[in-house]
Amino acid sequence: MNTKEVIQMIIDSYKRTVGKGPGLVKINIDENVIILDVKGVLTPLEQTLLKYSSCNKELIKSMRSQITENELAGILEMLRQLSNNPKLEIKSYSMEFDYENDRQFMLFIFSHSLQNVIRELPDCG
């Protein structure tokens, strides 16, 4: 499995759950931890809600938390397939938004190291 496959899985998940893909996904994998920096995540509706009131930040975070909870089983199953590790589990996860810059950060902690199964693609050039 390579990081490009994981990034594509994340993009597809966003498209499926919120109706649009992000502008950019950066991924950092270290042992059993994946950190995602996802830019361009807010939908037009969410952007409009933020224009009306900053109090809507909590509404957006609550909705996105529910969407993420519903999506975790699918993400885990795809990672199990990509990593060829049926015992892989998500021990913990967290997410935060940078609303002003249209970014979402996600942290996943897994039961097993991903270091040996996820690899960077070689540079072509």
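Strands S1 and S2 form a hairpin with two residues between them, and Glu31, in the turn, has a positive phi of about 55°. Strands and helices here are DSSP runs numbered from the N terminus (E, at least two residues, for strands; H or I, at least four, for helices). The model is predicted: local features need pLDDT of at least 70 and side-chain atom pairs count only at pLDDT 80 or more, while totals for chains, interfaces and linings use all residues. Residues are numbered from 1 along each chain as its sequence is written, and side-chain values use heavy atoms, with hydrogens and water left out.

S1 and S2 (residues 33-39) run antiparallel and are joined by seven bridges; two strands pair if DSSP finds at least two bridges between them. Val25 has Val38 in S2 as its bridge partner. In a regular strand the side chains alternate between the two faces of the sheet. In S1 (residues 24-30), Val25, Ile27 and Ile29 make up the covered face, while Leu24, Lys26, Asn28 and Asp30 make up the uncovered one.

The loop between S2 and H2 contains Thr43. Is Thr43 buried or exposed? Thr43 is buried, because its relative accessible area is 11% (buried means under 20%, exposed over 50%, partly exposed in between, with a 1.4 Å probe and protein chains only). Leaving aside residues up to four places away in sequence, Thr43 touches Val18, Lys20 and Arg64, where contact means heavy atoms within 4.5 Å.

Next come two helices. H2 (residues 44-52) packs with H3 (residues 56-83) at an angle of about 155°, the axes being 8 Å apart. H2 is therefore roughly antiparallel to H3 (under 35 degrees counts as roughly parallel, over 145 as roughly antiparallel, 65 to 115 as roughly perpendicular, the rest as oblique). Axes are lines fitted to C-alpha atoms, for helices over the stretch in contact, and angles run from 0 to 180 degrees between N-to-C directions. From H2, Glu46, Leu49, Leu50 and Tyr52 meet residues of H3 including Leu59, Ile60 and Met63.

Aromatic rings are the last topic. Rings of Phe, Tyr and Trp (its six-membered ring) pair if their centres lie within 6.5 Å; planes under 30 degrees apart count as stacked, over 60 as edge-to-face and the rest as tilted. By this rule there are three aromatic pairs. Phe97 and Tyr99 are stacked, because their ring centres are 5.2 Å apart and their planes are at 15°. Both of these residues, Phe97 and Tyr99, are buried. Phe108 and Phe110 also form a stacked pair, with 6.2 Å centre to centre and 25° between the planes. Phe108 counts as buried because its relative accessibility is 3%, and Phe110 is buried at 1%. Tyr93, Phe108 and Phe110 form one aromatic cluster.
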